[in-house]
Amino acid sequence: MDTIATELAATLIARLNETPPHKRLLVGIAGIPASGKSTFALLLANKLSLPLANSSTEAVILVGLDGWHYTRAELDAMPDPKLAHDRRGAHWTFNSPSYVDFIRALREDISPSTPIITAPSFDHAIKDPTPDAVSIHPYHRIVVIEGLYTFLSIDPWVEASKLLDERWFVHVDVIKARERLVKRHVVTGVAKDMEEAIWRADENDGPNGKFIIENMLEPTRVITSVDDPLLLALTA
């Protein structure tokens, strides 16, 4: 995946050079659970580290969709709290209106005096989002947004999907993805044992992946996920 990331980083840099200075380049990276999208997005962002002239700042920043998860307290307040917790990770367990507002803000013209835009992140230790954890400054010209639902075709997600300059889908065989998921759920402690890991992969992650494939805008590029040491260790 390193070679692919290097090539696509060069493509984005060339496109940025053709982008008006008052505009950002927004890149959405999606994929089914365990496609390797998060790892690839991080790799791409590292390749894109673009020091600006006479500055120590960088023009690229990575934002994860996981920050828009509803909190556990918000899931508790839903009509069926057990279902909400069991299906955490499904598109309806995310604050999609807030995410759409974020993408709209990124799409506005920028100047040195443009206010900082903040985005939430996700704290796996507390299993909840952390508000305003990521700061997008005017000098951040390339924003990479990764997550399961970054370019869905349904309301209200589609409003944000259409504002992206690039929609990259990381493709992986569903059987391979399931193998990765079961292993990851056990290793990370998401599941207490193999039985629960299999249940989560089949009853939550699998349906989410099917939903994504059936309800996404057409990608501008499809990237084939490859098993390499980095992905095997960090696949997301």
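A polar contact is a pair of N or O atoms within 3.5 Å; within protein, one atom must be able to donate a hydrogen and the other to accept it, and residues adjacent in sequence count only if both atoms are side-chain atoms. Helices (H or I, at least four residues) and strands (E, at least two) are DSSP runs, numbered from the N terminus.

This report concerns a predicted model, in which local features need pLDDT of at least 70 and side-chain atom pairs count only at pLDDT 80 or more, while totals for chains, interfaces and linings use all residues. Residues are numbered from 1 along each chain as its sequence is written, and side-chain values use heavy atoms, with hydrogens and water left out.

## Overall form

The protein chain contains nine helices and seven strands. Its C-alpha trace spans about 55 × 40 × 30 Å along the principal axes. The radius of gyration, taken over C-alpha atoms, is compared with a globule rule of 2.2 Å times the number of residues to the power 0.38. For 236 residues a compact globule would have a value near 18 Å, and the protein chain agrees, with 18 Å.

Buried means under 20% relative accessible area, exposed over 50%, and partly exposed in between (1.4 Å probe, protein chains only). Of the 236 residues of the protein chain, 47% count as buried. The accessible surface, from the Shrake-Rupley method with a 1.4 Å probe, comes to about 11,500 Å², and 56% of this belongs to carbon and sulfur atoms. Contact means heavy atoms within 4.5 Å. Among contacts between residues at least 6 apart in sequence, 75% join residues at least 24 apart.

## Helix H7

Helix H7 covers residues 174-188, 15 residues in number, and reaches 20 Å from its first C-alpha to its last, close to the 21 Å expected. The expected span is 1.5 Å times one less than the number of residues.

The buried residues of H7 are Ala177, Arg180, Leu181, Val182 and His185. They pack against helix H8 (194-214). An α-helix has 3.6 residues a turn, so residues three or four places apart point the same way.

## Aromatic pairs

Rings of Phe, Tyr and Trp (its six-membered ring) pair if their centres lie within 6.5 Å; planes under 30 degrees apart count as stacked, over 60 as edge-to-face and the rest as tilted. The structure holds six aromatic pairs. Two of them are set out below.

| Pair | Centre distance | Plane angle | Type |
|---|---|---|---|
| Phenylalanine 94 and tryptophan 157 | 6.2 Å | 70 degrees | edge-to-face |
| Tyrosine 149 and tryptophan 157 | 5.7 Å | 55 degrees | tilted |

The pair of phenylalanine 94 and tryptophan 157 links distant parts of the chain, 63 residues apart. Phenylalanine 94 lies in the loop between helix H4 (81-86) and helix H5 (96-107), whereas tryptophan 157 belongs to helix H6 (residues 157-161). Both phenylalanine 94 and tryptophan 157 are buried, and tyrosine 149 is buried as well. Ring pairs join Trp68, Phe94, Tyr99, Phe102, Tyr149 and Trp157 into a cluster.

## Backbone features

Most residues other than glycine have a negative phi, and most peptide bonds are trans. Aspartate 155 and proline 156 are joined by a cis peptide bond, with omega about -5 degrees. Proline 156 is found in the loop between strand S5 (142-146) and H6.

Alanine 34 has a positive phi, near 70 degrees. This residue sits in the loop between strand S1 (25-31) and helix H2 (37-47), and alanine 34 counts as buried at 1% relative accessibility. Aspartate 132, in strand S4 (residues 128-136), also has a positive phi, of about 55 degrees. With 53% relative accessibility, aspartate 132 counts as exposed.

## Two further aspartates

Aspartate 128 is placed in strand S4 and, at 14% relative accessibility, counts as buried. A polar atom of its side chain lies 2.9 Å from the backbone nitrogen of arginine 72. The side chains of aspartate 128 and arginine 88 are joined by a polar contact of 3.0 Å. Not counting residues up to four places away in sequence, aspartate 128 touches Tyr70, Thr71, Arg72, Arg88, Phe122 and Asp123.

Aspartate 76 is found in helix H3 (residues 72-76). Its relative accessible area is 47%, so aspartate 76 is partly exposed. Leaving aside neighbours within four places in sequence, aspartate 76 is in contact with Pro81 and His85.
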